Amino acid sequence: MKFTRIETTLPDINALRADAKTEGHQFIERLVTDWSSGSIRFDKPGEALLGVREGDAIVAIGGVTQEPSLEGALRMRRFYVRPAFRRQSIGWTLVRILVDHPSREGCPITVHAGTPDATKFWEALSFATVTGQPYSHVLKR
């Protein structure tokens, strides 16, 4: 597996899109729409989008952007690991690479876990549940 930063061109993520859509998730489709429109490109200070490749195929993706509802915080976005590649620590490693980057040191990091499985995943990574916010969990460092 190779973890690479996506900067100028969104790679072919059609397999991810298809898997996410089959599972009822729309966030990969939103990633494509936001990237195409330029509204979210993961290119502001502290932001990044990473893809995980096995050979030529992207098997996972995830990024961090500035959190619009909490000054000085960042937000995990567009995390998805194809079903055939889950339970191999890919998602965990992807999060750790993004969280542990020096540009994000000391920043709270939020996420909106949209499913019970996602909630378990983020809580296993020490994200604490919050209520009354546009995000469901926060990691304070």
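The protein chain in this predicted model folds into four helices and seven strands. Walk along from the N terminus and the elements come in the order β-α-α-β-β-β-α-β-α-β-β. The radius of gyration is 14 Å, close to the 14 Å that the globule rule gives for 141 residues, so the chain is as compact as a globular protein of that length. Its C-alpha atoms fill a box of roughly 35 × 30 × 25 Å along the principal axes, and 44% of the 141 residues count as buried. If you take the contacts between residues at least 6 apart in sequence, 57% of them join residues at least 24 apart.

Now for the sheet. The seven strands make an open sheet with mixed pairing, and you can read across it as β1-β2-β3-β4-β5-β7-β6. At the edges stand β1 (2-5) and β6 (128-129); each has a single partner strand, so one side of each is left without a neighbour in the sheet. Further in, β5 (residues 109-111) and β7 (residues 137-139) run antiparallel and are joined by three bridges. Look there for T110, which stands opposite V138 in β7.

Next, find helix α3 (residues 90-99). This helix lies across β1, β2 (48-54), β3 (57-66), β4 (74-81), β5 and β7, and it runs at about 155° to β4.

Is E105 buried or exposed? With a relative accessible area of 65%, E105 is exposed, because that value is over the 50% cut-off. E105 and R141 are 36 residues apart in sequence, yet their C-alpha atoms are 7.4 Å apart in space.

How values were computed: Residues numbered from 1 in each chain as written. Predicted model: local features only at pLDDT ≥ 70, side-chain atom pairs only at ≥ 80, totals over all residues. Heavy atoms only, no water. Pairing = 2+ DSSP bridges. Helix = DSSP H or I, 4+ residues; strand = E, 2+ residues; numbered from the N terminus. Contact = heavy atoms within 4.5 Å. Axes fitted to C-alpha atoms, helices over the stretch in contact; angles between N-to-C directions. Buried < 20%, exposed > 50% of the residue type's maximum accessible area, 1.4 Å probe, protein only. Rg over C-alpha atoms; globule rule 2.2 N^0.38 Å.
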